[in-house]
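Colleague: Hi! Could you walk me through this one? I'd like to start with the charged side chains.

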Amino acid sequence: MMEQQLQQGIIMREPHSNGDDAGEDGSLQVGLLSAEVQPRLQFQLRRREWCSRGCLIFGVLMFTFSAVYLILLSGRSYNILQTAAPLNILVVGDWGRDGLFNQTLVAKQMGIVGSKLNIDYVISTGDNFYESGLTGPDDTQFTTSFSDVYTQESLQTTWYSVLGNHDYRGNATAQLAKELTLRDSRWFCRETTGVEFFFIDTNPFVESYWVENNKDYIWQLPISRQDYIAHELMNLTDALETSKAKWKIVVGHHTMWSVGKHGETHELLTEVLPILEANGVDMYINGHDHCLQHIKRSDSSLHFLTSGGGSKAWRGRGTNKDKDTGLQFYYDGQGFAAVSMTPSLFHMDFYDISGNILHSLDLSKD
């Protein structure tokens with residue numbers, strides 16, 4: 001297994017069950033050293049916020065286009081092979097419906113495009129299991145909505161996920177359980193400096209979910225929601241400020257700006273977006289609105305990209321009256337996005353379920 005991972009230029013993080021690498025507060029210390037001996041990047045993750053072999057509630061995913069040494073939780077390090085190849089990723093969200101609502105057709109095209117691009121990873125922007133997440137780590141919907149749907153050979157790679165609001169309606173912590181990886185090894189958290197992806201759990205920010213008369217959402221963590229948000233914002237800020245990556249991409253479930261049915265999420269615009277803009281983030285990728293969408297506003301440096309067409313779609317436009325929506329592209333149907341990156345180039349294509357490229361985005365850096 002290790003030999004195969006090294007041939008692919010990848011190191012998988014093994015889960016660490018004891019507290020040997022925990023900080024004084026019980027958090028995990030995660031470090032990465034580049035071959036150029038860049039300063040060690042550290043960030044802290046509460047154990048409940050780190051999905052052991054599962055999806056990320058908050059985490060930083062670091063990719064490299066040159067040799068890098070990854071410091072594993074066990075204290076071992078391995079040299080990741082040098083490669084000049086681009087990083088190729090598929091992005092899909094709002095999908096888990098037991099194959100219904102064209103989920104299988106989206107999956108089929110993902111497999112075709114994934115094979116053409118020889119993809120490295122898949123990123124899920126949340127709402128992984130409808131209508132109410134998983135009931136527990138043994139829930140059969142994990143199989144019927146994930147393992148039995150994404151069967152194409154090119155999709156047999158790591159899936160990085162954030163939790164969506166529908167995931168929060170069930171047992172949100174079930175998706176963090178290592179038992180899921182025993183059922184399907186793709187459901188795995190690992191870390192591997194040319195580009196960094198920062199994953200953030202956006203659900204706690206949405207005030208309407210947590211009002212007293214809303215019975216769809218139950219706060220399940222041992223700390224208060226306010227403390228969780230404060231901790232998450234601190235981790236995000238520290239990681240972004242310390243990052244030396246040329247490309248910085250943040251992934252969350254909820255929209256920031258959108259002309260879709262859900263529209264913008266005001267709490268994220270107020271509490272999260274200023275942090276992203278202050279730290280040179282290039283783009284925010286989300287789901288939630290069941291569409292494909294690209295927004296580039298004149299009042300923000302970020303590109304806002306929605307890939308939420310993994311299954312049920314065709315929900316219509318929202319009621320956004322803002323004259324400066326910055327809308328570059330909108331498709332109210334099923335589909336997904338494919339990303340190819342090098343240290344100097346970013347390319348994204350939006351695909352529909354027939355494999356047609358609907359919209360492309362090209363960015364470059366010196």
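Colleague: Which residue's side chain does Arg186 meet in a salt bridge?

Modeller: That would be Asp184, with 2.9 Å from N to O. Keep in mind that this is a predicted model.

Colleague: Is Arg186 buried or exposed?

Modeller: Arg186 is buried, because its relative accessibility is 5% and the cut-off for buried is under 20%.

Colleague: How accessible are Asp282 and Lys365?

Modeller: Asp282 has a relative accessible area of 12%, so it counts as buried. Lys365 is at 26%, so it is partly exposed.

Colleague: What does Glu131 pair with?

Modeller: Glu131 forms a salt bridge with Arg97, at 3.1 Å from N to O. Both residues are in loops, 34 residues apart. Glu131 is partly exposed at 42%, whereas Arg97 is buried at 7%.

Colleague: Changing topic: how many helices and strands does the protein have?

Modeller: There are 8 helices and 17 strands.

Colleague: And what share of the residues is buried?

Modeller: Of the 366 residues, 58% are buried. As for the surface, the protein exposes about 14,700 Å², and carbon and sulfur atoms supply 49% of that.

Definitions and conventions
Residues are numbered from 1 along each chain as its sequence is written. This is a predicted model: local features need pLDDT of at least 70, side-chain atom pairs count only at pLDDT 80 or more; totals for chains, interfaces and linings use all residues. Side-chain values use heavy atoms; hydrogens and water are left out. Helices (H or I, at least four residues) and strands (E, at least two) are DSSP runs, numbered from the N terminus. Buried means under 20% relative accessible area, exposed over 50%, partly exposed in between (1.4 Å probe, protein chains only). Accessible areas come from the Shrake-Rupley method with a 1.4 Å probe; for residues, only the protein chains shown count as cover. A salt bridge is a side-chain nitrogen of Lys or Arg within 4 Å of a carboxyl oxygen of Asp or Glu.
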